[in-house]
Amino acid sequence: MSTIHSGFDLNVTIFSPEGKIYQLFYVNALINKNLLLIGMKCKDGILMIAQKVYDQIEKKNSKTRKIFTVDRFNLVGSIGNVGDINRLVLRARFDNLRFKEIYSENLSGKVFLARLRELVHLHTVYWHLRPFGCILLIGSVYHSDFKLFSIFPNGESVDCKLSIHGKNSFFLKNFVEDLTSGYKTCKNYIKKICRKIRIFNSLKEGDCFEIFFYSRENLSFEKPISCNLELEIER
């Protein structure tokens, strides 16, 4: 039992005297310490950028992924607990395969959102389950309609044009909101945003990003662009 919160954080069904659910409070604190994850709708598609960790000892980038492809038209980005992220991604891929077997088309849009949101919300209802320690960004393309959703640890979801989570996300959000007022293409945003992340988080040259986008130039989420940003942006 917690000596600080007198047992109010033992399960997700207990409210503290202040009206807080401490387990969800802990998850949000974990997310705010993670490296940045950005999702945004652009003029010609959807862009998702995740900051990667550089291992100073082994002198190479971490193999831990933050952005996962479900199929050509669906993408899941997440930061937080790695085990929870992997479980949700596997569930998304399984649901997509089952849906395709029955209806002969891929899960997409709000139907895809509902499948994952219900599972996340379920873990905030029963005392014997714990909340997922991560936040999800879902990018989906259906009949040239671009959708970007955020799923929070409490099971809430938001249809958004821009979503930024992680370390220093508040400061970067102000910059990106000003940048997106012109509503440009995916490639126009990539280099500017990644350079700004380097400034905010004091990144070194060895650090890099996971970058996925769907646009007229790249008609699939299954082909991430190279981690070598300077060369890829001129491709």
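Trainee: Why is Ser-108 called buried?

Mentor: Ser-108 has a relative accessible area of 13%, and buried means under 20%, exposed over 50% and partly exposed in between, taken with a 1.4 Å probe on protein chains only, so Ser-108 counts as buried. The model is a predicted one, in which local features need pLDDT of at least 70 and side-chain atom pairs count only at pLDDT 80 or more, while totals for chains, interfaces and linings use all residues. Residues are numbered from 1 along each chain as its sequence is written, and side-chain values use heavy atoms, with hydrogens and water left out.

Trainee: Where is Ser-108 placed, and which residues does Ser-108 touch?

Mentor: Ser-108 sits in the loop between helix 2 and helix 3, where helices (H or I, at least four residues) and strands (E, at least two) are DSSP runs numbered from the N terminus. Not counting residues up to four places away in sequence, Ser-108 touches Asn-74, Ser-140, Val-141 and Tyr-142, a contact being heavy atoms within 4.5 Å.

Trainee: What makes Ser-104 exposed, and what is its phi?

Mentor: The relative accessible area of Ser-104 is 63%, so Ser-104 is exposed, and its place is in the loop between helix 2 and helix 3. Its phi is near 60 degrees, a positive value in a residue other than glycine. Most residues other than glycine have a negative phi.

Trainee: How do you know that the side chains of Asp-84 and Arg-130 meet in a salt bridge?

Mentor: A salt bridge is a side-chain nitrogen of Lys or Arg within 4 Å of a carboxyl oxygen of Asp or Glu, and the N to O distance for Asp-84 and Arg-130 is 2.9 Å, so this pair meets the criterion. The pair links distant parts of the chain, with Asp-84 in helix 2 (residues 82-103) and Arg-130 in the loop between helix 3 (109-122) and strand 7 (134-142), 46 residues apart. With 7% relative accessibility Asp-84 counts as buried, whereas Arg-130, at 46%, is partly exposed.

Trainee: How many salt bridges does the structure hold, and what makes Lys-147 and Asp-159 one of them?

Mentor: The structure holds 4 salt bridges. In the pair of Lys-147 and Asp-159, the closest N and O atoms are 3.6 Å apart, so the distance falls within the cut-off of the definition. This pair, too, links distant parts of the chain, from Lys-147 in strand 8 (residues 145-151) to Asp-159 in strand 9 (residues 157-159), 12 residues apart. At 39% relative accessibility, Asp-159 counts as partly exposed.

Trainee: Where do Glu-101 and Arg-98 lie, and why is Glu-101 called exposed?

Mentor: Glu-101 and Arg-98 both lie in helix 2, 3 residues apart, which is about one turn of the helix, and they form a salt bridge whose closest N and O atoms are 3.1 Å apart. Glu-101 has a relative accessible area of 58% and is therefore exposed, whereas Arg-98 at 42% counts as partly exposed.

Trainee: Why are helix 2 and helix 3 called oblique to each other?

Mentor: Helix 2 and helix 3 pack at an angle of about 135 degrees, with their axes 11 Å apart; the axes are lines fitted to C-alpha atoms, for helices over the stretch in contact, and angles run from 0 to 180 degrees between N-to-C directions. Angles under 35 degrees count as roughly parallel, over 145 as roughly antiparallel, 65 to 115 as roughly perpendicular and the rest as oblique, and these two helices are therefore oblique.

Trainee: Which residues make the contact, and how do they divide?

Mentor: Helix 2 contributes Leu-88, Arg-91, Ala-92, Asp-95 and Phe-99, and helix 3 contributes Val-111, Phe-112, Arg-115, Leu-116, Leu-119 and Val-120. These divide into 8 nonpolar, no polar and 3 charged, where Ala, Val, Leu, Ile, Met, Phe, Trp, Tyr, Cys and Pro count as nonpolar, Asp, Glu, Lys and Arg as charged, and the others, Gly among them, as polar.

Trainee: What makes Leu-179 buried?

Mentor: Leu-179, in helix 4 (residues 169-179), has a relative accessible area of 14% and is therefore buried. Leaving out residues up to four places away in sequence, Leu-179 touches Tyr-189, Lys-192 and Ile-193.
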